[in-house]
Amino acid sequence: YEMLAKALKMEPQKIIDEVKASGLRGRGGAGFSTGMKWGFLPNNGEPRYLLCNADESEPGTFKDRVMMEKAPHQLIEGMLIAAFAVKSHKAYIYIRGEYMGPAAILEQAIAEAKAAGLIGKNILGSGFDCDLDLYLGAGAYICGEETGLISSLEGYKGQPKLKPPFPAVQGYLKKPTIVNNVETLAAVVNIIRDGGQGYRKYGTEKSAGTKLFSISGNVNKPGTYEVPLGYKMIDLINFECGGLKPGRKLKAVVPGGSSAPVLTAEEAERATLDYECLAGMGSMLGSGAIIVIDDSNCMVDVLSTITHFYHHESCGQCTPCREGTGWMEKIIHSMIHG
């Protein structure tokens, strides 16, 4: 918590400026500038809330789980720094219902931080008060969308709300609210340590810093890897992940979680892991969930699994998604069965 002590001696606006200068973009999927998001809060004297989105529910994504299991205090420290920067005295970690293990680890870490006087009243003698609590979801994919998360936290059905108003203006309990991903908030600690420009040592001009990638599918060493943004996708697959299974050929790659458009093998060979390159290829970096598919897989089977997930997990609020996902699943099912 040395970086928290350092941050509490800074002006809140200076922290926001450093986060803007660092080029940190939301690591939950949208890739929006974190410092700019913090700057959207209105100066209307209302209480403000900071929410950590730990509802990691997209198929193929598990990097936040690793972060919470291995470095829970870095997340808590990042949240406290962020809360101080945006002048919030109440923060929540909203964690998905299936994450019982990480939730227990976080509960213990929060208790340790409270016992050390790092959460609560007059943190480190700075005069800054901040409470932090953990809230367990009930296992709904849709609560990973920030307004769906807010609905659930308020005690309502987990369904997205219409935007605008955006959460920064009218979020949790209709008050100004910042929602950031686990990895985004943990990165704030490194930005305070190295400064905005120091954080930019890694990555590209528009996609700064390092990023955690969840790699699953047909590789020898699946897992969570941290590499600089702009790293070659094929290098990550071949070097860090030990390549494909013996005798297999790369067929396709899902670059950013199951909702990201699929890349062909040829596109994956050219792709670099940054927001701009993948957007230019008609896909997206998303949350960094890379699913590697080799020539032993049938793409129709892969599609069948994914459409079943989205049909089951649609919140049912709008017609195209509620009805359309069911029809897609039926069509794919009939293809598979001839």
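This is a predicted model: local features need pLDDT of at least 70, side-chain atom pairs count only at pLDDT 80 or more; totals for chains, interfaces and linings use all residues.

Modeller: Residues are numbered from 1 along each chain as its sequence is written, and side-chain values use heavy atoms, with hydrogens and water left out.

Colleague: How many helices and strands does the protein chain have?

Modeller: The protein chain has 13 helices and nine strands, where helices (H or I, at least four residues) and strands (E, at least two) are DSSP runs numbered from the N terminus.

Colleague: What makes the protein chain as compact as a globular protein of that length?

Modeller: The radius of gyration, taken over C-alpha atoms, is set against the globule rule, which is 2.2 Å times the number of residues to the power 0.38. For 338 residues the rule gives 20 Å, and the radius of gyration of the protein chain is 20 Å, close to that value, so the chain is as compact as a globular protein of that length. Taken along the principal axes, the C-alpha atoms fill a box of roughly 65 × 45 × 35 Å.

Colleague: What share of the residues of the protein chain count as buried?

Modeller: Buried means under 20% relative accessible area, exposed means over 50%, and partly exposed lies in between (1.4 Å probe, protein chains only). By that definition, 51% of the 338 residues count as buried. As for contacts (heavy atoms within 4.5 Å), residues 24 or more positions apart account for 68% of those with a separation of 6 or more.

Colleague: Why is helix 5 called oblique to helix 6?

Modeller: Two packed helices are described by the angle between their axes and the distance between the axes. Axes are lines fitted to C-alpha atoms, for helices over the stretch in contact, and angles run from 0 to 180 degrees between N-to-C directions. Helix 5 (residues 72-85) and helix 6 (residues 100-115) pack at an angle of about 55°, with their axes 9 Å apart, and that makes helix 5 oblique to helix 6. Angles under 35 degrees count as roughly parallel, over 145 as roughly antiparallel, 65 to 115 as roughly perpendicular, and the rest as oblique.

Helix 5 passes helix 6 in a right-handed crossing (left-handed if the near helix is turned anticlockwise from the far one by less than a right angle, right-handed if clockwise). The contact is made by P72, H73, L75 and I76 of helix 5 and by I105, L106, A109, I110, E112 and A113 of helix 6. By class, the contact has eight nonpolar, one polar and one charged residues, where Ala, Val, Leu, Ile, Met, Phe, Trp, Tyr, Cys and Pro count as nonpolar, Asp, Glu, Lys and Arg as charged, and the others, Gly among them, as polar.

Colleague: What makes helix 2 and helix 8 oblique to each other?

Modeller: Helix 2 (residues 12-22) and helix 8 (residues 182-199) pack at an angle of about 45°, with their axes 8 Å apart, and the two are therefore oblique to each other. Their crossing is left-handed. The contact is made by I15, E18, V19, A21 and S22 of helix 2 and by I191, I192, G195, G196, Q197 and Y199 of helix 8, and by class it has six nonpolar, four polar and one charged residues.

Colleague: How do you know that helix 7 is mostly covered?

Modeller: Eight of the eight residues of helix 7 (residues 146-153) are buried. What covers them includes helix 3 (34-39), strand 1 (49-54), strand 2 (90-95), strand 3 (131-136) and strand 4 (177-181).

Colleague: Why is V179 called buried?

Modeller: V179, which has its place in strand 4, is buried because its relative accessible area is 5%. Leaving aside its neighbours within four places in sequence, V179 is in contact with K37, L51, N53, E146 and I150.

Colleague: And why does S258 count as buried?

Modeller: S258 lies in the loop between strand 7 (250-254) and strand 8 (263-264), and counts as buried because its relative accessibility is 9%. Leaving aside neighbours within four places in sequence, S258 is in contact with E58, P59, I306 and Y310.
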